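This report goes through selected charged groups and metal sites of one protein. Have the sequence and the 3D view open while reading.

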Amino acid sequence: MDAKEKRKWLWVGKIARKTLVKAVDLIHEDMPVLEFVEKLENYIKSYASPAFPVNVSINHVAAHYSPGIYDSTVIPGDSIVKVDVGVHKDGYIADAAISIPLNRDYEELSRASFEALMEAEKAIAPGVKTGSIGAFIEHVILSYGFKPIRNLTGHKISRFNLHAGKSVPNTKTAFSDKIEEDEVYAIEPFATDGAGYVVELSEGFIYRIISARRTGDKKLDSILREMWRRFRGLPFSERWVADFVGKEKAKDLLTALLKKKVIMVYPVLVEKERGFVSQFEDTVIVTREGPIVTTGIAELAREIL
Ligand code: MN
Ligand code: MN
């Protein structure tokens, strides 16, 4: 990786970190999640672009929840809130998350996934199998008396591609991928006091284009073209579609595009036994001299835990 490219990965990482600092600053009980997310996305937009809608996953919700167009959810006081942000510029992506325990009861659960992330970052190197990173993550989380979520994983990132093939499991895994020099990875341990498994809800608010095929409908094709221009192959919110088609039409158009199988929706993921969930995530560049953590959430995490 040349110096210029490295600077780009580092720059988006810095914006992601600053966005999470802002999240800690803004969050309070009874705050509408929609307001919270819009402030964070606008902050990202003042520097770069969101690589996906800001995810705000509360309590037993593990991932893929971002408010829809008419969301009225507020941040509950007695809660643990995962804030997961993505930033991109020219397709260089940073993906980072923190858990904010609004009740001290959830600090240990938060610490479990944070310390697991720190161990994983020490272990990631060229030639290492991703399954052995999973073993470190699992070991730390179990030592806190919690379970890792075994069907959520970290992932390789490449330009304009958030999930670029290889995965970093959160449990010891025998058959896994080999990590190579100069690859970029998001590492994201999830800990829970539940079953250690997430299931899908029927609802979803985050979408992604999966096919460039014509739908045979002129109106839908022009919407799809505009989506591709704005979001490429990255996940987007129904709120961002409302920005150019209007709030009233967005949902129907998305439903029509889903039916044509040119876009997909990410269902909200919740813990199977409705256990509470914590998550921390950093993006790292793998080098022979040790990982370069582009998002560097450790300092912020230590302030809030
Ligand atoms: Mn993430
Ligand atoms: Mn991720």
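## Salt bridges

Lys8 and Asp90 form a salt bridge, with 3.9 Å between the closest N and O atoms. This pair links distant parts of the chain: Lys8 belongs to helix α1 (residues 3-26), while Asp90 sits in the loop between β3 and β4, 82 residues apart. Lys8 is partly exposed, with a relative accessible area of 29%, and Asp90 is partly exposed at 41%. The model is a predicted one, and the count of salt bridges in it comes to 13.

Two other pairs lie within single helices. Arg111 forms a salt bridge with Glu107, the closest N and O atoms being 3.5 Å apart. Because these two residues are four positions apart in helix α3, about one helical turn separates them. Arg111 is partly exposed at 24% relative accessibility, whereas Glu107 is buried at 13%. Both residues belong to a network of salt bridges that links Arg104, Glu107, Glu108 and Arg111. In helix α5 (residues 218-231), Glu226 and Arg230 are also four residues apart, so about one helical turn lies between them. Their closest N and O atoms are 2.7 Å apart in a salt bridge, and Arg230 is partly exposed at 39% relative accessibility.

## The manganese ions

Asp95 in strand β4 and His155 in strand β6 (residues 154-157) are 60 residues apart, and the pair links distant parts of the chain. Asp95 counts as buried because its relative accessible area is 3%, and His155 counts as buried because its value is 1%. Asp95 bridges the two manganese ions, which lie 3.2 Å apart.

## A negative surface patch

Glu29, Asp30, Asp78 and Asp105 gather in a patch of negative charge on the surface. Asp105 is placed in the loop between β4 (92-101) and α3 (107-123). Is Asp105 buried or exposed? Asp105 counts as exposed because its relative accessibility is 61%, and the cut-off for exposed is over 50%.

Definitions and conventions
Residues numbered from 1 in each chain as written. Chains lettered and ligands numbered in written order. Predicted model: local features only at pLDDT ≥ 70, side-chain atom pairs only at ≥ 80, totals over all residues. Heavy atoms only, no water. Patch = residues over 30% accessible without salt bridge, like charges linked within 9 Å, V, L, I, M, F, W, Y side chains within 5 Å. Areas by Shrake-Rupley, 256 points an atom, 1.4 Å probe, with all protein chains shown as cover. Salt bridge = Lys/Arg side-chain N within 4 Å of Asp/Glu carboxyl O. Lys, Arg positive; Asp, Glu negative; His and termini not counted. Charge placed at Lys NZ, Arg CZ, Asp CG, Glu CD. Buried < 20%, exposed > 50% of the residue type's maximum accessible area, 1.4 Å probe, protein only. Donors = N, O, S within 2.8 Å, 3.2 Å for Na, K, Ca; no water.
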